[in-house]
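Hello,

Here is the structure for your files. My notes on it follow below.

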2 protein chains.
Amino acid sequence: MPQPRSNRDRLTLAAIALFLANGYEETTVDDIADAAGVARRTFFRHFRTKEDAVFPDHDGCLARVREHLDQADASADPFAVTSRAAHLVLDLYAQDPATAAQRYQLTRQVESLREREITTTSRYQRVFADYLHRCDAGKGEDDRLRLDVTAAAVVAAHNHILRKWIREGGSDDIHARLDAALGSVEATLRAWPTESAPHTDELLVLVARPGTPTWRLVREIQAVEGRR
Amino acid sequence: MPQPRSNRDRLTLAAIALFLANGYEETTVDDIADAAGVARRTFFRHFRTKEDAVFPDHDGCLARVREHLDQADASADPFAVTSRAAHLVLDLYAQDPATAAQRYQLTRQVESLREREITTTSRYQRVFADYLHRCDAGKGEDDRLRLDVTAAAVVAAHNHILRKWIREGGSDDIHARLDAALGSVEATLRAWPTESAPHTDELLVLVARPGTPTWRLVREIQAVEGRR
């Protein structure tokens with residue numbers, strides 16, 4: 001288990017532990033500062049409210065995510081770039097599974113904390129969607145819908161994997177789990193219905209073993225379509 | 001334009017108009033009650049806070065959605081049942097496009113209202129996901145991921161369509177737009193990679209015109225796979 005080193009980490013650990021032990025409403029900023037062994041003013045150097053103290057540094061992470069997306073190569077695959085951004089968010093939790101588990105338990109109990117987590121999640125989703133829209137600027141309305149759905153799917157996959165990993169004790173490689181999940185999302189979204197192509201008299205012939213995963217067939221079909 | 005009839009509707013219209021004209025912080029519950037021509041106690045019969053007054057009756061809608069999902073036939077297609085639930089949510093806005101447009105403008109301006117809307121949205125997503133999980137109880141982990149992504153995709157499509165419709169003046173049939181969007185989502189999610197099937201020596205041969213929408217090919221492939 002990683003040892004907390006910064007005052008910020010110590011305050012977060014103390015806040016979560018006190019909220020779980022004594023109740024969220026009952027715990028004050030002074031209680032948290034005392035338990036972390038720092039002065040009250042140190043608390044307010046890191047957090048505006050006791051609610052803030054529960055969460056990992058999402059502002060910092062959002063800045064890293066934005067920088068990553070802004071600096072992505074224009075020729076890079078937008079889904080791959082977005083996936084990498086989701087891994088950056090996952091790092092916030094993966095670095096300290098024990099705290100992630102306690103926070104999970106706490107947000108299940110305190111509605112205002114759960115709501116705070118949801119609005120935080122939505123900020124990442126918005127940043128992912130904005131990036132995807134920038135990559136596909138000028139495309140049609142159906143593409144814009146697809147991109148909003150893509151951002152939502154990436155965030156849903158991230159949250160699903162994170163919750164499951166926490167519930168299972170947070171011991172194995174969560175990044176590998178997210179890779180697999182995002183692989184399924186990517187393969188699926190490739191099947192988004194495209195605007196109908198011009199009619200030709202050619203025929204597409206696909207030969208495959210039954211039982212071949214559908215996404216592989218879709219990939220083959222789209223490879224052929226792309227070459228025409 | 002529909003005329004507001006209930007005190008609740010009158011209070012919501014007054015609240016949104018005053019927040020837009022004078023600012024959210026500056027407007028009091030008394031101001032809203034006065035403008036709606038009702039007593040302060042009437043306001044509190046409908047809403048707990050001035051923030052509540054901005055939104056349509058999500059609690060009532062959530063109850064209708066839950067009832068719809070609970071009473072769905074066990075043989076019904078879960079995606080179709082969830083789509084119908086999304087239409088129930090859309091009704092909240094479609095019935096009064098002018099108010100929906102003003103509310104949209106307001107939530108763009110006031111962060112706390114925007115966050116409130118996001119947490120409301122997440123409640124629907126959770127209810128959709130819970131229903132989908134109940135329908136597919138006992139399936140594998142990959143299915144559970146797919147179902148969480150499905151719920152997120154339905155909500156993302158709903159929000160995308162709603163925002164676009166509001167921005168465009170809210171005149172045409174928003175339910176037809178949502179139908180088309182959810183059709184794309186459904187066709188796409190059919191391509192979710194399935195667990196690999198047992199190996200056989202059979203071959204699948206698919207013959208189609210190039211340019212045939214991918215989702216049609218997927219549907220054909222899956223129909224054949226299902227018959228084996």
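**Notes on the model**

Among contacts in chain A between residues at least 6 apart in sequence, 64% join residues at least 24 apart; two residues are in contact if their C-beta atoms, placed from the backbone, lie within 7 Å. This is a predicted model, in which local features need pLDDT of at least 70, side-chain atom pairs count only at pLDDT 80 or more, and totals for chains, interfaces and linings use all residues. Residues are numbered from 1 along each chain as its sequence is written, while chains are lettered from A and ligands numbered from 1 in the order in which they are written.

Chain A has 10 helices and one strand (DSSP runs, H or I of at least four residues and E of at least two, numbered from the N terminus). Of its 228 residues, 32% count as buried (20 or more other C-beta atoms within 10 Å of the residue's own, placed from the backbone).

Chain A is divided into domain 1 (1-54) and domain 2 (56-189), with bounds from an automatic or database domain assignment. Their C-alpha centres lie 26 Å apart, and 10 residues of domain 1 are in contact with 12 residues of domain 2.

In α9(A), the buried residues include A:I174, A:L178, A:V185 and A:L189.

Regards

Notes. Buried ≥ 20, exposed ≤ 12 C-beta atoms within 10 Å, placed from the backbone.
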